[in-house]
Amino acid sequence: KKYMTNPAIELLTDELEARGIIQATLARNISISKSLISDILHHRKRISIELALRLEKHLGISATLWLGA
C-alpha cells in the first residue's frame, strides 16, 4: 500500500526520537491512550485539533504545525 507522507506524523516521530520519549510515555503525559499514538504513527488516524493542542502544550510545537496548516 502506498500512501501520502504526512509531515505531522514525520514531525511526531522525529520529536519522540530526538527527545528520547517512547509512545507510552507521551500518551501518559498528555492523557491519551497508547493505541491512539500508535494509530497516528501508523497512519490509521489523524491528529485532531484537541490532540494538536495537547502536543503544543507538552512539546512546545505549534498546533498549526500538527494540523498541517
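**View A. Packing of helix 3 in the predicted model.** The buried residues of helix 3 pack against helix 1, helix 2 and helix 4, where buried means under 20% relative accessible area, exposed means over 50%, and partly exposed lies in between, with a 1.4 Å probe and protein chains only. Helices (H or I, at least four residues) are DSSP runs numbered from the N terminus. Those buried residues of helix 3 are Ile-37, Ser-38, Asp-39, Ile-40 and Leu-41. Just after helix 3, His-43 takes a positive phi of about 65 degrees. This is a predicted model, in which local features need pLDDT of at least 70 and side-chain atom pairs count only at pLDDT 80 or more, while totals for chains, interfaces and linings use all residues. Residues are numbered from 1 along each chain as its sequence is written, and side-chain values use heavy atoms, with hydrogens and water left out.

**View B. The largest nonpolar core.** A nonpolar core is a set of buried Ala, Val, Leu, Ile, Met, Phe, Trp, Tyr and Cys residues joined through side-chain atoms within 4.5 Å. The largest one here has 20 residues, and those with the most contacts inside it are Leu-12, Leu-26, Ile-47, Leu-51, Leu-55 and Trp-66. Two or more residues of this core come from each of helix 1 (7-19), helix 2 (23-29), helix 3 (34-41), helix 4 and helix 5 (63-66). When residues up to four places away in sequence are not counted, Leu-12 touches Leu-26, Ile-40, Leu-41, Leu-55, Leu-59 and Trp-66, contact being heavy atoms within 4.5 Å.

**View C. Asp-39 and its charged partners.** Asp-39 has its place in helix 3, and it counts as buried because its relative accessible area is 16%. Leaving aside neighbours within four places in sequence, Asp-39 is in contact with Arg-44 and Lys-45. A salt bridge is a side-chain nitrogen of Lys or Arg within 4 Å of a carboxyl oxygen of Asp or Glu, and by this rule the count comes to 4 salt bridges. In one of them the side chains of Arg-44 and Asp-39 meet at 2.8 Å, N to O, and in another Asp-39 pairs with Lys-45, the closest N and O atoms being 3.9 Å apart. Arg-44 counts as exposed, at 51% relative accessibility, whereas Lys-45 counts as partly exposed, at 45%.

View D. Arg-54 forms a salt bridge with Glu-50, the closest N and O atoms being 2.5 Å apart. Both residues lie in helix 4, 4 residues apart, about one turn of the helix. Arg-54 is partly exposed, at 27% relative accessibility, and Glu-50 is also partly exposed, at 49%. Elsewhere, salt bridges that share partners join Asp-39, Arg-44 and Lys-45 into one network.

**View E. A nonpolar patch on the surface.** Ile-49, Leu-53 and Leu-67 form a nonpolar patch on the surface, with about 290 Å² of accessible area together. Patches are made of residues with over 30% relative accessible area and no salt bridge, like charges being joined within 9 Å and nonpolar side chains (Val, Leu, Ile, Met, Phe, Trp, Tyr) within 5 Å; accessible areas come from the Shrake-Rupley method with a 1.4 Å probe, and for residues only the protein chains shown count as cover. Ile-49 has its place in helix 4 (residues 49-59), and Ile-49 counts as exposed, at 59% relative accessibility.
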